[in-house]
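What does the arrangement of secondary structure in this protein look like, and which residues hold its interior contacts? The paragraphs below go from the overall pattern to one helix pair, then to the core and to a few individual residues.

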Amino acid sequence: MPRSVAPSGPIRRGVVALLLSCTLLVTTAACGGDDAQSASGSATASTTAEQQKLAKTRFVANAGLAAGATYQWIVKPYRAGKFKKGADGQKFALVKAGLAGAFAYNRLKAAVNNAKGDEHLSKAVAPLTAGIDKLKDLGTKLRKGEASEADVGTFEDVITNVKDAGASAGAVVTDKVPSTSQLGG
C-alpha cells in the first residue's frame with residue numbers, strides 16, 4: 001500500500017508563495033475602485049469649496065499611503081539587498097514588495113481620481129498619469145524577483161513627481177506607511 005508523503009520544505013514554500021500570489025490577485029481586483037468614501041466617511045459635500053477641500057484631503061491620504069508603501073516595502077528593502085538571490089528573507093520581502101507595488105499603484109490611481117475634484121490639483125497631476133500607468137505591472141515583477149534598480153527607481157520617481165505636483169497645488173503629501181493587513185486587503 002503506497003504511503004502519502006508530506007511535501008518537502010521548498011515545495012511547501014512554493015505552495016505558500018502561490019497562495020499568497022492568488023490572494024494578491026483577488027485583493028487587487030477587489031480594490032479596483034476609488035477609496036473616496038472610506039477616506040472621508042460618508043460625508044457629502046454641497047459646495048464647490050467643500051468638494052475641492054475633500055478632493056485635496058483624499059489626494060493627500062491616498063498619495064501618502066502609496067509613498068509610504070513604496071518606501072517601506074520596495075525602496076528600503078531593495079537598497080538593503082533583501083531582493084538578492086540567497087538573501088535572508090528574500091521570498092517574504094519579494095511577496096511584500098509585490099503587494100506594496102499593487103497597493104501603491106491602486107492608491108496612486110485613486111489619488112489621480114481625487115485630484116479631478118480640484119482644478120489646480122487636477123492640472124498639476126494630469127501629466128503624471130502616464131508614469132503611474134507604467135507601474136501597473138511592476139508589482140508582479142517585484143513579486144517574481146525580476147525587478148531591477150531601474151524598476152525601483154521608476155516607483156521612486158513617480159512618487160516624487162506626485163508629491164511635487166501635490167505641493168505645487170497646496171496639497172502637501174507626507175509618507176504614511178500602511179499596515180501589512182492594508183496591503184493584503
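Helices here are DSSP runs of H or I with at least four residues, strands are runs of E with at least two, and both are numbered from the N terminus. Read in that way, the sequence of this predicted model follows the pattern α-α-α-α-α-α-α-α-α, with nine helices and zero strands in the protein. Of the 185 residues in the protein, 37% are buried. Where contacts join residues at least 6 apart in sequence, 78% of them join residues at least 24 apart.

Two packed helices are described by the angle between their axes and the distance between the axes. For helix α4, residues 90-115, and helix α8, residues 149-168, the angle is about 25° and the axes lie 12 Å apart. Because angles under 35 degrees count as roughly parallel, α4 is roughly parallel to α8. The crossing in which α4 passes α8 is left-handed. On the side of α4 the contact is made by Gly 101, Ala 104 and Leu 108, and on the side of α8 by Phe 155, Val 158, Ile 159 and Val 162.

In soluble globular proteins, nonpolar side chains tend to be buried together. In this model the largest nonpolar core has 40 residues, and those with the most contacts inside it are Phe 59, Leu 108 and Val 162. At least two residues of this core come from each of α3 (48-79), α4, α5 (119-125), α7 (138-144) and α8, and α4 gives the most, with 13 residues. Leu 108 and Val 162 also belong to the contact between α4 and α8. Apart from its neighbours within four places in sequence, Val 162 is in contact with Phe 59, Ala 63, Leu 108, Leu 128 and Ile 132.

Further along α8, in which Gly 166 has its place, the relative accessibility of Gly 166 is 0%, so Gly 166 counts as buried. Not counting residues up to four places away in sequence, Gly 166 touches Phe 59, Leu 121, Ala 171 and Val 172. The C-alpha atom of Gly 166 is also separated by 8.9 Å from that of Ala 115, although the two residues are 51 residues apart along the chain. Gly 153, likewise found in helix α8, has a relative accessibility of 18% and therefore counts as buried; Gly 153 and Ile 74 are 79 residues apart in sequence and 10.0 Å apart in space, C-alpha to C-alpha.

Ala 67 is buried, with a relative accessible area of 2%, and, its neighbours within four places in sequence left aside, Ala 67 is in contact with Ile 159, Lys 163 and Asp 175. The C-alpha atoms of Ala 67 and Asp 175 are separated by 5.2 Å, while the residues stand 108 residues apart along the chain.

Definitions and conventions. Residues numbered from 1 in each chain as written. Predicted model: local features only at pLDDT ≥ 70, side-chain atom pairs only at ≥ 80, totals over all residues. Heavy atoms only, no water. Axes fitted to C-alpha atoms, helices over the stretch in contact; angles between N-to-C directions. Parallel < 35°, antiparallel > 145°, perpendicular 65-115°, else oblique. Left-handed = near helix turned anticlockwise from the far one by under 90°. Contact = heavy atoms within 4.5 Å. Core = buried A, V, L, I, M, F, W, Y, C linked by side-chain atoms within 4.5 Å. Buried < 20%, exposed > 50% of the residue type's maximum accessible area, 1.4 Å probe, protein only.
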